[in-house]
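Here are a few exercises to work through with the viewer open. Try each task before you read its solution.

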Amino acid sequence: MSIDIIRTGAELELAARVVELVRRAAGPSAEAEVMVQHDAEALTRFANSMIHQNVADAVTTVRLRLHLDGRTASGATTVVDADGLRGLVERTLAAVRLSPPDATWPGLTPPTPLHRSAGYHGSGERSGLDFGFDEATARATPAERASRVRDFVRAAEGLETAGYCRTTYSSAAFANSAGQSVEGRTAEAAMDGIARVNGADGVARLASGRLGDLDGSVLGARAAAKARAAESPVELPPGRYEVVLEPEAVADLLDNFSVFGFNGKAYGQKQSFAEIDADQFDPSVTLVDEPLGSRDEPAPGLPFDDEGTPRESLVLVREGVTKAVTHDRRSAAEVGAVSTGHASPASRTWGPYPTHVRLEAAPAATEPALPPADYSGPTAESARPLVARMRRGLLITDFWYTRVLDQKTLVITGLTRNGVWLVEDGEVTAAVSNMRFTQSYPQALGPGMVMGIGSESVLLPDRWSGTRYAAPALHLASWNLTGNASG
Amino acid sequence: MSHFDEAYSAVQAALDAGARYADCRIMVRRTESMTALDGEVEELGSGESAGLGVRALVGSSWGFYAVPDLSDSAARAAGRRAAQIAQASATVPGPPIDLVPTGAGEASWASACEVDPLGVSLSAKGDLLVGATAAAKEAGADLAEGIYQIWDTHKWFVSSDGHRIDQHIRECGAGVTASVHGDGEIQRRSWPSHRGQYGTSGWELVDSLDLIGNAPRMAEEARALLTAPLCPTGETTLVLGGEQLALQIHESVGHAIELDRILGWEAAFAGTSWLDLEKLGSLRYGSELMNITIDPGIPGALGSFGYDDEGTPATKRDAVRDGIWVGVLAGRDSAAVAGLDYAGSVRSDGWARLPMVRMTNVGLEPGPHTLDEIIANTDDGVFMDINRSWSIDDRRLNFQFGCEIGYEIKNGKLGRMLRNPTYTGIGPKFWQSMDMLSSETVAWGTPNCGKGQPGQVGHTGHPAAPARFTNVRVGVRG
């Protein structure tokens, strides 16, 4: 089955039409910005080694923000016929007239060309239609996703399996009454699955701009190997342990740093740990937000944000020194900065934060890599050199249900998941049952605390919001485990 | 305006394409929300969403497809596509699937609503949030935030089993939070709860909260927390306020009794459950004071409805009776797999998402005491309330919660305020230690329950009252 979802120009035409509707209804003084986004998502989900949920949807959403007579309001609709668009404009106009004065309105994005992708060079001045976009992924069929699930299940060789294979496609356009007009498309594929045996779980997880990069057999074999190695765990007492975190666990650090640390609104409100130009991390740590992709990766996100600001790479931390936080136009104006292209529908309320962060791998080898085909044992290949250097500590695959205890210091509590092992003199000596931790994330990566970084970054999908992170393994001097299976 | 005809077309198209069962949900939803910051409106937004989702069962395999187009032709195409997706699912098939009967046919239901939330003027709603945040700011908050949210949903449900049900559900809620900055830390107090109180209710719920009247106290308490002693570390007697206990129920009981988790259907993401179906009816979950019900019929509670998204009428059931686990949250297929004869807890968060097992109103029946009596009968312990952070493992056993505020309890009286109170434990051990329970029940609403892939945000309700627990580990710190 081929789904006819590839559209050209439809979103830009729709955005321009709404801008014109606003001009007719409110006159030329109205400042309007319109984001039209067509999202097609398909997700084939499996559990108990069978496909139990298999879904697809295609939705076009029109978001309008309007500033009139010093007041601001927003509206959105999925009803995109003439009545729906007219209703959107009328509702938003009614809201803006009743809104209080908006003293901090930052104005509209002026006409600005898109930046070129670091990895792809097809982006034009105004159109991102060749912006690292893999059409085969956008057109992926249920059968293609199901075949990867079948391969995952088979590769687990009888272990119980669960997870998903997902493809997404977005085609979006932005137009405002100041003349900014841009469009772009993106596609992504991801696979995330576990294998289970006797209460032990192992995981394999990978994202890519190309469905063709995802091999269910490789991922299923990896998950199964980890599950088998995680059987018969011992319980360790709580305490501070040296740890090697595999990329899946490191992605959780990147997610929390992004949402609570490099968030421009939290920074402006002094709720973030971030201090620009301060030595807050170990000198081995460099963090970059890369919404346009890099090193031949298809662009993971759209080339502009919800205010029409072009996106580009942004160094958040360079060699341990915090260099930037992310902004939309309003948070930027409030601290005397410029927008970094991180406006989203929720950024006014929750703040603008980076969604495509990469922790730079060790310099020896920085190419992104797929899990090796000959994977066996509990340790990811990129983590093996780090494990070999650990005298006594824990190898941790994944984190789960992490929540902030204190936002300023970013103290997080959560649990390990999908495999923990005791390492002694560089060798895995025992599987360990899951443990709870309570740890300040910036402190864990602070100066002198990073003992090693893996040599390959793995692209990982976020488990909830559609963002993604590129993470190598990390060797840390101390991690505060505060509980075990007994409590 | 009815959309039964389009829903019927979608179902018929799925059947014509080979489905042996199909259903279609059409939803039209209007939303509105406002946030205020430090006495000014920060964001005002409204939304309209309309579409249909079709579910088709071919052999033992499901398929689901959704589109934002309510035309008859789009409905038919969606029905066919759902059946095609189900056929692809058969690449990795499972055992035969049955559906337990629902007993419902044609019906109509609307939630109770005295004051239409969308009918209240924006200026009045703005004045409320501006007034509450300004009051908190004037009382010393470094940051005063207010929020309200409104959802107004019309649903039409048709199935090949003969359902033809429409519902109109109105939900809303609001809250205010005061934050203060200390030396390297932030303290926060919220009224009436973290993110506010929500219900399947009209604006009368928000009017009852008295945000403006309570906002100054939030700022004062947040400021006082900065200099309060830290919550002590160790094992002690813990008294929880009702708001915190509501989230404790949500996380360590509500999710644990979801049948899809018990059956392993959520193993890779949300997780499984420590509960074993073979022990349904005999496993001791908690003390004899613990009586948990599943009741989607509580007027005003956020998890209320007339019919779930499979057409099962709202029915009250026991989940835990006298401390023994006796019931689950189930759907038509999961119940059949488990050999149970009831469903009724399946919902989707919108037309574009697959209905799945969700909490309705999962709550604790009232106990024989009052909070004053509980404190008066506690020689040494800690009182905590208003959730600040929450974390629990993928089997719903090992939890750790942080609260906004705590107080020491000495010789039957509340003592000093305590900052950064946290507690941790293992679900059944914790619930079995509950030895006093208040009768002062409130149906707290949780509007942000995440589950599923693609992710869905569920609205759930949790009747809860203050309660006492013994030998609980408190004061866990990083």
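Before starting, one definition: two residues are in contact if their C-beta atoms, placed from the backbone, lie within 7 Å. Keep in mind too that this is a predicted model.

**Exercise 1. Work out how chain A is put together overall.**

Step 1: Start with the contacts. Take those in chain A between residues at least 6 apart in sequence; 74% of them join residues at least 24 apart.

Step 2: Count the secondary structure. Chain A has 11 helices and 20 strands.

Step 3: Check the dimensions. A compact globule of 487 residues would have a radius of gyration near 23 Å, and chain A agrees because its value is 23 Å. Along the principal axes, the C-alpha atoms fill a box of roughly 75 × 55 × 40 Å.

Step 4: Look at burial. Of the 487 residues in chain A, 62% are buried.

**Exercise 2. Decide whether A:P300 is buried or exposed, and find what surrounds it.**

Step 1: Locate the residue. A:P300 sits in the loop that runs between β9 (287-289) and β10 (314-318) of chain A.

Step 2: Apply the cut-off. A residue is buried if 20 or more other C-beta atoms lie within 10 Å of its own. A:P300 has 26 such neighbours, so it counts as buried.

Step 3: List partners, skipping neighbours within four places in sequence. Contacts of A:P300 include A:T186, A:E188, A:G209, A:H356 and A:R468.

Step 4: A:A95 is 205 residues from A:P300 in sequence, and their C-alpha atoms are 35 Å apart.

**Exercise 3. Find where chain A has pLDDT under 50.**

Step 1: Begin with the average. Mean pLDDT for chain A is 90, and 90% of its residues reach 70 or more.

Step 2: Pick out stretches. Residues 118-131 of chain A stay under 50, yet the model gives them 44 contacts beyond four places in sequence. Residues 365-371 of chain A are also below 50, with 21 contacts beyond near neighbours in sequence.

Notes: Residues numbered from 1 in each chain as written. Chains lettered and ligands numbered in written order. Predicted model: local features only at pLDDT ≥ 70, side-chain atom pairs only at ≥ 80, totals over all residues. Helix = DSSP H or I, 4+ residues; strand = E, 2+ residues; numbered from the N terminus. Rg over C-alpha atoms; globule rule 2.2 N^0.38 Å. Buried ≥ 20, exposed ≤ 12 C-beta atoms within 10 Å, placed from the backbone. pLDDT = per-residue confidence, 0-100.
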